[in-house]
Amino acid sequence: GIIDADVTWSEGNSPYVVTGPVLIESGVTVTIEAGVEVKFGSDNYIKAEGHLIARGSQSKKIVFTSNNDSPSAGDWDGIRIRSSSGSTIDSSNAYVSGSIFEHVNFSYADTALYVHETGIYVSDSKFENNNNAIEIRKTTNVIVKSSEFKNNNAGFYSIYESYSGDSYGDIINTQITDNIFENNGIGVDLFSNQRGFYDLNIKSNTFTGNTSAAIDFGGGGYGPRVHSVYIDGNTIYKNADGIRIGTVYGKVWSVPSGYRAVPDYPMEIKNNVVVNNTGNPLSIGYGSFAHLIKNNVFANNQGGIPFDSSHSSSGNPSVFTQNTVDGNAYGIKAGGSNSYHHSDWNFYE
């Protein structure tokens, strides 16, 4: 039912069993103490229009899980963070106030954490055996760090088009840093039809055992638009594909008021170690903007680096420089036709 006044769920009263959909009203705060376990009946969820404070500890995790005797992914719907219930983040991406998930374990949900038209702060948490761990849709200031994503169909996910349900839109300031993505279908799977990604940082994560790809960005008929996408300093090994860049429409159409101009390189892939994967370490699809691919190691993979479809930088050339490409099935292979092919690339030692 509806929670219409501030309340604390105490460790002494744990476990809590959710037997129907729960709504936290706007302006209301639910605080969950360290050590609390919350179990959900089939198809149930918490929708937060107010704030949900879940701060466990290293020794006392907070647990959100299925109440079924033989649980499986999708047993419960998940936790839905709405526009009035997100986190407040400062200029250094540190938590200030609002909803927070810290030292929290999520398991057996359809979409464990769904965020729409706001932001969220998640740290030191674990997402395991869910269909989707985290879905972001039209978000600003999503910070997820030092967490584990294991045995989910997708770790991070965004929809291509909002054919039903909430509207989709630009995704602004998403920080995915220092996490472990292990044995998922896809670790990070982000694409959105003709909407912009601003300050997407996928940085210093470890990806291993993901059966489709570690990172999949773009794709679909048109794909997203980009302002500033940075894939930097990740360790990617023993997955299927490593970094898969699908169709990206091009640079963003416009920049929000007060936001900096589009950088010279709207997408940078730098300082990653991509080794011993069973597919391609890197693939580049259609786009009309400049890439910077620098100082990566692409080695001992069973695939190579295909440049498929067509690409032009529409300005300064794309740059591939200071990379190690060694021991793969092949090096770089450019595809296309007379009409649709890659152009405006510079390759340097």
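**Strand pairing and nonpolar cores**

In strand E22, Ile176 is the bridge partner of Val144. The structure is a predicted model, in which local features require pLDDT of at least 70 and side-chain atom pairs count only at pLDDT 80 or more, whereas totals for chains, interfaces and linings use all residues. Residues are numbered from 1 along each chain as its sequence is written, and side-chain values use heavy atoms, with hydrogens and water left out.

Strands are DSSP runs (E, at least two residues) numbered from the N terminus, and two strands pair if DSSP finds at least two bridges between them. Strands E19 and E22 (residues 171-177) run parallel and are joined by 5 bridges. E19 (residues 140-145) also pairs in the parallel sense with E16 (residues 120-123), over 4 bridges; here Ile120 has Val142 as its bridge partner.

A nonpolar core is a set of buried Ala, Val, Leu, Ile, Met, Phe, Trp, Tyr and Cys residues joined through side-chain atoms within 4.5 Å, where buried means under 20% relative accessible area (1.4 Å probe, protein chains only). The largest such core comprises 69 residues, of which Phe64, Ile79, Phe101, Phe156 and Phe217 touch the most other members. A second, separate core of 5 residues includes Ile53, Ile89, Ile100 and Tyr121.

How values were computed. Buried < 20%, exposed > 50% of the residue type's maximum accessible area, 1.4 Å probe, protein only.
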